[in-house]
Amino acid sequence: MEKYFFEAFDGLERLSPGSAQSTKKAISLVNIATEKELNILDLGCGNGIHTLTLAESFPNVHITAVDTNQQYLNGLKNQLRKKELADRVTVLNASMLELNFPPETFDLIWAEGSIYIAGFQKGLKEWKTFLKQGGFLVCSEISWLHANPSKESKDFWQQGYPEIDTISNKVNQIVESEYAYLFSFVLPKEDWTDDYYLPLERNLKKMEDKYQDTPEALAVVNTLKQEIALYHGNSRDYSYVFYGMKKI
């Protein structure tokens, strides 16, 4: 089953909702001194689409890009060589659940579309150790856009990610974790439709044609198509939201 999920996302630029514009907006909202050398930890970097944006955005930076998918990491290494950014990024195959860095190593921790793997509150608590005093944590997290989502949306996300919550409650969790809350913004609908779902749908169509007699593959295709249909019918209920905070 897993190999069919991997095939569904094969060759896609985006592995979750997002865009270069949204990544750059989040970067612009972090008031960090760029003249000094920065240490950034990019957790759950995937194929490195936002790692590259980080490397291009900060002239004096060393990024440690962490993921467990070696194929994605190999692709990131190739992109770094092509863009002549390899000297700015160390690519590391490791789990964000088992990090082994000295305390207060990083100026910025970046977790774009990935903090759900650790869990929002657990990630905030455990990763804080690795931040320098006054360091920043930026993440994007699936969140309710209002307090009364549809039953269809609630059933899907309560099963898939029970930690989903409203933006105001996420902000409260940031404050309770003893960070200074800095900003939040909702990803625009185009980050879901144009940059993520349209390319994914093209892959799913190819898989439908290829695996007409393979029920396991078609089950994966149908699962992803149902997720896409859910979003199109309930996009006012939920979205990814960028959250920025500072260690105090």
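Me: By class, how many nonpolar, polar and charged residues has the lining of the second largest pocket?
Reply: This is a predicted model: local features need pLDDT of at least 70, side-chain atom pairs count only at pLDDT 80 or more, and totals for chains, interfaces and linings use all residues. Residues are numbered from 1 along each chain as its sequence is written, and side-chain values use heavy atoms, without hydrogens and water. A pocket is an open set of points on a 1 Å grid over the protein atoms alone where a 1.4 Å probe fits, with protein on both sides within 12 Å along at least five of seven lines; lining residues have an atom within 4 Å of a point. With Ala, Val, Leu, Ile, Met, Phe, Trp, Tyr, Cys and Pro as nonpolar, Asp, Glu, Lys and Arg as charged and the others, Gly among them, as polar, the lining has nine nonpolar, seven polar and five charged residues.

Me: Which element gives the largest share of that lining?
Reply: Helices (H or I, at least four residues) and strands (E, at least two) are DSSP runs, numbered from the N terminus. Both α3 and α4 (70-82) give two or more residues to this lining. The largest share, five residues, comes from α4.

Me: Why is β5 largely enclosed by the rest of the structure?
Reply: Buried means under 20% relative accessible area (1.4 Å probe, protein chains only). β5 is largely enclosed because, of its 14 residues, the number buried is eleven.

Me: In β8, which residue is the bridge partner of V138?
Reply: Strands pair if DSSP finds at least two bridges between them. β5 and β8 (residues 238-247) run antiparallel, joined by nine bridges. Within β8, V138 is partnered by G244.

Notes:
Buried < 20%, exposed > 50% of the residue type's maximum accessible area, 1.4 Å probe, protein only.
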